[in-house]
Amino acid sequence: MLYPASTFLRRDPFSLVRRFHGDFANGTRGYPFVNLWHSQDRVAITAEVPGVDPADIDISVKDNLLVFSGERKADTMPEKTLWHQRERNFGKFSRAVRIPFNLDPDKTEARVRNGVLEVVVHRREEDKPRRIEVKAA
């Protein structure tokens, strides 16, 4: 989106940068970023969650929808601390990932390693493709 420079620069030369940053931050609804791979019988999902305690992550699976949510807590700072720069986001997050087949919630594994959430879910046995033997007549 373009903003007329004259509107912002008259009062505050950095307002355009702050406005752009606000638009960019509000457009990142896809946090945390995820990767997804699948084979015939399972799906692997990874999500970047640096600084999130694994105990603060909830994962649910139903049919073909995997939902994970959590919270990155803000740093605790002494009273009357003035920030010089603050770029790391904190707060609650939630992502829903639709999988191309029904999942078995009993065969779900999840772990956090080096700030990356790894989730592996398996396809329901009854939903796996089955080979049909063709017999000669």
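## Briefing: an aromatic cluster and its surroundings

Tyr31, Phe33 and Phe93 come together as one aromatic cluster. Please keep in mind that this is a predicted model. The protein chain has a mean pLDDT of 80, and 78% of its residues reach 70 or more.

**The aromatic cluster**

- Two aromatic pairs are found in the structure.
- One of them joins Tyr31 and Phe33 edge-to-face, with 6.5 Å centre to centre and 80° between the planes.
- Tyr31 also pairs with Phe93: the ring centres are 5.7 Å apart and the planes stand at 90°, so this pair is edge-to-face too.
- The Tyr31–Phe93 pair links distant parts of the chain, as the two residues are 62 residues apart.
- Tyr31 sits in the loop between α2 (15-26) and β1 (34-38), while Phe93 belongs to strand β5 (residues 91-98).
- Tyr31 counts as partly exposed because its relative accessibility is 26%, a value that falls between the 20% limit for buried and the 50% limit for exposed.
- Phe93, with a relative accessible area of 7%, is buried, because buried means under 20%.

- Ser60 is found in strand β3 (residues 57-62).
- Its relative accessible area is 41%, so Ser60 is partly exposed.
- Leaving aside residues up to four places away in sequence, Ser60 touches Leu65, Leu66 and Val67.
- Ser60 and Thr108 are 48 residues apart in sequence, and their C-alpha atoms are 9.5 Å apart in space.

- Confidence is highest in strand β7 (residues 116-123), at a mean of 93.
- At the other end of the scale, helix α1 (residues 5-9) has the lowest confidence in the protein chain, with a mean of 47.
- Over residues 5-9, pLDDT stays under 50, and the model has four contacts beyond four places in sequence for this stretch.
- Residues 23-28 also stay under 50 in pLDDT, and for them the model has two contacts beyond four places in sequence.
- Where pLDDT is low, the predicted coordinates should not be read in detail.

Terms used: Residues are numbered from 1 along each chain as its sequence is written. This is a predicted model: local features need pLDDT of at least 70, side-chain atom pairs count only at pLDDT 80 or more; totals for chains, interfaces and linings use all residues. Side-chain values use heavy atoms; hydrogens and water are left out. pLDDT is the predictor's confidence in each residue, from 0 to 100. Helices (H or I, at least four residues) and strands (E, at least two) are DSSP runs, numbered from the N terminus. Contact means heavy atoms within 4.5 Å. Rings of Phe, Tyr and Trp (its six-membered ring) pair if their centres lie within 6.5 Å; planes under 30 degrees apart count as stacked, over 60 as edge-to-face and the rest as tilted. Buried means under 20% relative accessible area, exposed over 50%, partly exposed in between (1.4 Å probe, protein chains only).
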